[in-house]
Amino acid sequence: MAIAIKISDDLITDARIHSRVNKRSLTAQIEFWAKIGKCSEENPDLTYEQIREILLGLEELNNGQKYEYKFGWSMNIFQSPTFFRYIKKVDFKFKTEIDKQILLISKDPNLGEQKKGDLNEVRIH
């Protein structure tokens with residue numbers, strides 16, 4: 001349901017500039033900022049970048065975009081394209097540690113802290 005709200009001219013100007021850069025409508029830009037702000041208030045321990053990457057990864061997975069996560073043992077674990085791109089950049093030692101942590105999580109999916117609100121599908125370990 002759409003409703004009219006008053007927003008300062010300065011915020012509208014900033015949103016208009018960001019909406020052009022991000023190829024979003026003015027409304028979509030303000031909604032994006034509101035969603036990020038809501039997630040930030042609900043999960044103050046996460047940075048903007050972490051929230052943005054989590055939301056992107058969730059959207060990719062919800063749209064069926066996933067890759068099998070391959071490591072030394074046979075198991076069906078999938079990753080978002082965002083995580084896939086990230087993993088390709090890490091060094092061998094860090095990748096080995098990630099593999100160990102994924103194994104722990106696969107044994108206990110409730111490991112870690114469940115996030116709140118729009119990020120409630122996510123656990124941070």
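## The largest pocket

Let's start with the biggest open space: the largest pocket has a volume of about 1400 Å³. A pocket here is an open set of points on a 1 Å grid over the protein atoms alone, where a 1.4 Å probe fits and protein lies on both sides within 12 Å along at least five of seven lines. Volume is the space filled by probe spheres set on the points, with grid points joined across faces, edges and corners.

The lining of the largest pocket comprises 28 residues, and nearest its centre lie Phe83, Ile105, Val122, Arg123 and Ile124; lining residues have an atom within 4 Å of a point. At least two lining residues come from each of H3, strand S2 (78–79), helix H4 (81–87), helix H5 (92–107) and strand S4 (123–124). Helices (H or I, at least four residues) and strands (E, at least two) are DSSP runs, numbered from the N terminus. Sorted by class, this lining holds 17 nonpolar, eight polar and three charged residues. Ala, Val, Leu, Ile, Met, Phe, Trp, Tyr, Cys and Pro count as nonpolar, Asp, Glu, Lys and Arg as charged, and the others, Gly among them, as polar.

## About the model

This is a predicted model, where local features need pLDDT of at least 70 and side-chain atom pairs count only at pLDDT 80 or more, while totals for chains, interfaces and linings use all residues. Residues are numbered from 1 along each chain as its sequence is written, and side-chain values use heavy atoms, leaving out hydrogens and water.

## The second largest pocket

Next comes a pocket with a volume of about 210 Å³. Its lining includes Phe32, Lys35, Arg52, Leu55, Asp118 and Glu121. H2 and H3 are the elements giving two or more residues to this lining, and H3 gives the most, with six residues.

## How the helices pack

Helix H2 (residues 26–42) and helix H3 (residues 48–62) have axes that come within 10 Å and cross at roughly 110 degrees. Axes are lines fitted to C-alpha atoms over the stretch in contact, and angles run from 0 to 180 degrees between N-to-C directions. H2 and H3 are therefore roughly perpendicular to each other (65 to 115 degrees). Their contact (heavy atoms within 4.5 Å) involves Phe32, Lys35, Ile36, Cys39 and Ser40 of H2 with Tyr48, Ile51, Arg52 and Leu55 of H3.

Helix H1 (residues 9–21) packs against H2 at an angle of about 105 degrees, their axes 9 Å apart.

How values were computed
Angles under 35 degrees count as roughly parallel, over 145 as roughly antiparallel, 65 to 115 as roughly perpendicular and the rest as oblique.
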